[in-house]
Amino acid sequence: MNYWTELSVDFANQRNYLDELYKVYPISPNIRRVISNESCNSIERHFANKDNAALVKELLKLELFPLKDSYVPFLRRDKSSIDRNPNTINRIAGNLYAMGLDVILDRCTEPKETNRQMGPMFKNWLKSGVLGCKICETENEFLAANENAILLSSDHRMKEFAIKYLGYTRKNKGLDFIAKFNNKYVIAEAKFLTDFGGHQNDQFEDAIATLTSPIDTDCQKEVIRIAIVDGVLYIKGRNKLYNFLQDNSEMTILSALVLREFLYAL
């Protein structure tokens with residue numbers, strides 16, 4: 001097992017791992033979505049008037065449609081299809097009426113799924129200054145920095161920076177972390193795996209794909225790829241993720257909680 005992975009496993013199994021991890025990922029599962037009074041009034045009016053198309057159109061404007069239906073994503077992406085497919089609209093509207101107005105409004109304001117809250121949390125943690133180094137928000141500032149520094153920007157801008165200057169070749173995937181320590185550049189994705197299987201395994205594989213993606217050597221910089229992953233993968237046992245950690249010692253997979261130590265050891 002990689003040294004930094006083993007350090008992460010030890011942390012997760014011997015110390016207050018979850019208490020410390022909450023500083024990185026302060027999950028707030030009870031924060032509900034908010035819809036405006038104007039939207040609420042429109043939904044109530046269309047519901048009362050049994051205006052099927054108008055009701056569906058108004059609900060499609062919201063972040064969360066109250067009904068799981070395989071045809072809804074198509075309608076959301078192609079609004080013109082609403083008027084061309086009255087039978088589909090009537091079927092969906094019928095299900096909405098059966099739910100009742102109170103249930104519709106409740107479903108529309110359900111809290112975001114935990115894994116969809118993760119995105120900005122890791123970067124907010126970095127922004128707090130926990131790594132004890134310069135924080136740069138533009139590529140020019142980052143390139144000009146003579147001291148240790150991290151680049152904090154959108155996933156897309158960080159990806160574009162890594163493609164332009166660091167030989168990053170995974171052009172369809174943004175990055176969560178770019179740092180410069182002792183003239184070495186570190187790139188990574190950050191993931192918090194809350195359970196085994198399904199989407200969580202996909203998240204892990206996504207982080208590994210960034211870690212193993214080839215670097216264009218023409219960039220003439222020393223680029224280190226790591227995977228900053230936290231969660232159930234560090235639980236010792238006969239599970240797929242832990243076995244992967246044991247079998248791939250050449251990969252630097254580590255917890256955010258040992259990231260600072262890793263960087264200052266470069």
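Which residue takes a positive phi just after H3? In this predicted model, the residue is Lys-50, with a phi of about 55°.

H3 spans residues 37-49, 13 residues in total. From the first C-alpha to the last, the helix reaches 18 Å. This is close to the 18 Å expected at 1.5 Å a residue.

The buried residues of H3 are Ser-39, Cys-40, Ser-42, Ile-43, His-46 and Phe-47. These residues lie on the same side of H3, because they cover an arc of only 165° around the axis. The face turned away from this buried side carries exposed residues: Asn-37, Glu-38, Ala-48 and Asn-49. Cover for the buried residues comes from elements that include helix H4 (52-60), helix H7 (86-99) and helix H8 (101-108).

Two packed helices are described by the angle between their axes and the distance between the axes. The axes of H3 and H8 come within 11 Å. They cross at roughly 150°. The crossing of H3 past H8 is right-handed.

On the H3 side, the contact involves Cys-40, Ile-43, Glu-44 and Phe-47. On the H8 side, Leu-101, Ile-104 and Leu-105 meet them. By class, this contact has 6 nonpolar residues, 1 charged residue and no polar ones. Cys-40, Ile-43 and Phe-47 of H3 are also among the buried residues of that helix.

Key: Residues numbered from 1 in each chain as written. Predicted model: local features only at pLDDT ≥ 70, side-chain atom pairs only at ≥ 80, totals over all residues. Heavy atoms only, no water. Helix = DSSP H or I, 4+ residues; strand = E, 2+ residues; numbered from the N terminus. Expected span 1.5 Å × (residues − 1). Buried < 20%, exposed > 50% of the residue type's maximum accessible area, 1.4 Å probe, protein only. Arc of directions from axis to C-beta. Contact = heavy atoms within 4.5 Å. Axes fitted to C-alpha atoms, helices over the stretch in contact; angles between N-to-C directions. Left-handed = near helix turned anticlockwise from the far one by under 90°. Nonpolar A, V, L, I, M, F, W, Y, C, P; charged D, E, K, R; others polar.
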